[in-house]
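I opened the notebook to go through this structure step by step. Here is what I looked up.

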Amino acid sequence: MSKKVKLSVLGISFSQVQAGAYALIFAEENGIRRLPIVIGTPEAQSIAIVMEGITPPRPLSHDLICSIWKELGIELLEVLIHKFEDGAFFSELLLLQNGKEYRIDSRTSDAVALAIRTHSPIFTTEEIMQKMAIVFDEQTPESSPELKGNEPVQEDEELSDLRLDALKNRLDDAVREENYELATRLRDEINRRENKS
């Protein structure tokens, strides 16, 4: 089993590329890597209302699940984002009831929505962080003096038309500008090409 990395939810950013989608941004504890995961609007709303301290007038699905767990004496020990396959992250819930542990497969967005409601820890594997995380150095100045003369990537520009070194330069720029959504697309394109060769 790959080493576990503890994550915290840094925030949610609106996806400029995928209509009706958001990027959920995780930060590794005591580290500079960020893990962006694209999620849908309902899931983003379910996570955002907890982060913003809003109580809905009626329980949402995730609130309902937590209420059921409470009544049945079920505790969420942790969430583990354990696999990335075919463009999707796979997660599991580790539940405890009457001294017995259960591992339940879950969509990552649902797992996170439940974890933040129950103040349960969220982990991923070192392998996923190495493949999918973006290194974000907090020391990087906001405006970098040595601009590489790269035009910003247009929304409809095909990343497949760019050379690998151009993609890597753009990834550095996107990370510096904290444009996680674009950085995610660039990272995926770079990974796709490097896995081919």
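Which strand do eight bridges join to β5, and in what sense do the two run? I looked it up: the partner is β6, residues 100-107, and the strands run antiparallel. I note that this is a predicted model.

**Entry: around β5.** I checked which residues face each other here. Gln97 stands opposite Lys100 in β6. Two residues lie between the strands of the β5 and β6 hairpin, and Asn98 there takes a positive phi near 50°.

I then turned to the other pairing. β4 (residues 74-85) pairs with β5 (residues 88-97) over 10 bridges, again in the antiparallel sense. Ile81 is set opposite Ser91 in β5. This pair also forms a hairpin with two residues between the strands. In that turn I found Asp86 with a positive phi of about 50°.

**Entry: whole protein.** I counted six helices and eight strands. Their order along the sequence is β-β-β-α-α-β-β-β-α-β-α-β-α-α. The protein has 197 residues, and 42% of them are buried. I looked at contacts between residues at least 6 apart in sequence: 56% join residues at least 24 apart. The accessible surface is about 11500 Å², with 51% of it belonging to carbon and sulfur atoms.

**Entry: a nonpolar patch.** I found Leu64, Ile68 and Leu72 making a nonpolar surface patch of about 280 Å². Ile68 sits in helix α2, residues 61-72. Its relative accessible area is 40%, so Ile68 counts as partly exposed.

**Entry: salt bridges.** How many salt bridges does a search of the whole structure find? It finds 14. I looked at three of them.

Lys6 and Glu29 meet through their side chains at 3.8 Å, N to O. The pair links distant parts of the chain, 23 residues apart. Lys6 belongs to β1 (residues 4-14), and Glu29 to the loop between β2 (21-28) and β3 (33-40).

Glu28 and Arg33 form a salt bridge at 2.9 Å, N to O. Both of these residues are buried.

Asp165 and Arg163 also meet in a salt bridge, at 2.9 Å, N to O. Asp165 is partly exposed, with a relative accessible area of 39%. Arg163 is exposed, because its relative accessible area is 58% and the cut-off is over 50%.

Last, I traced shared partners.

Methods:
Residues numbered from 1 in each chain as written. Predicted model: local features only at pLDDT ≥ 70, side-chain atom pairs only at ≥ 80, totals over all residues. Heavy atoms only, no water. Pairing = 2+ DSSP bridges. Helix = DSSP H or I, 4+ residues; strand = E, 2+ residues; numbered from the N terminus. Patch = residues over 30% accessible without salt bridge, like charges linked within 9 Å, V, L, I, M, F, W, Y side chains within 5 Å. Areas by Shrake-Rupley, 256 points an atom, 1.4 Å probe, with all protein chains shown as cover. Salt bridge = Lys/Arg side-chain N within 4 Å of Asp/Glu carboxyl O. Buried < 20%, exposed > 50% of the residue type's maximum accessible area, 1.4 Å probe, protein only. Contact = heavy atoms within 4.5 Å.
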